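Work through the exercises below with the sequence and the model at hand. Each task is followed by its solution.

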Amino acid sequence: MSTCTSKILFLHGLDSSRESTKFHAIDANHKYCIDIDYRNLTFQTVANFYHDIITKIKPEILVGHSLGAYWALKMSALHKIPAIRSEEHTSELQSPACIS
């Protein structure tokens, strides 16, 4: 498998962070994960946060795990960006957009 050239934004799960093994399993030149503390924020604050991040980073693919998968799918619909849901047993994340 070759390294993905798409810009990817990873949305981590509850009590997780950019140190997640799922984020590090993504083989991409341009991958981003911004830590967020879901427990101390309102729904609207999280929605606004991800909207702002997507507007700034302009990812081509959203990847989410657990609670982050919920937000990836929600933001995918709003921003018309493909989303992938990462599973707990995923050791290597692959996407049709990243496979040559």
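**Exercise 1.** State how much of the protein is buried.

Solution. Buried residues make up 41% of the 100 residues. Buried means under 20% relative accessible area, with a 1.4 Å probe and protein chains only. The model is predicted: local features need pLDDT of at least 70, side-chain atom pairs count only at pLDDT 80 or more, and totals for chains, interfaces and linings use all residues. Residues are numbered from 1 along each chain as its sequence is written, and side-chain values use heavy atoms, without hydrogens and water.

**Exercise 2.** Give the order of helices and strands along the sequence.

Solution. Count the elements: three helices and four strands. Helices (H or I, at least four residues) and strands (E, at least two) are DSSP runs, numbered from the N terminus. Their order is β-α-β-α-β-α-β.

**Exercise 3.** Which residues of α2 are buried, and what do they pack against?

Solution. List them: V46, A47, Y50, I53, I54 and I57. They cover an arc of only 130° around the axis, which puts them on the same side of α2. The arc is that of the directions from the helix axis to the C-beta atoms. Now find the partners: these buried residues pack against β1 (4-11), β2 (28-32), β3 (61-65) and α3 (67-79). Contact here means heavy atoms within 4.5 Å.

How values were computed: Buried means under 20% relative accessible area, exposed over 50%, partly exposed in between (1.4 Å probe, protein chains only).
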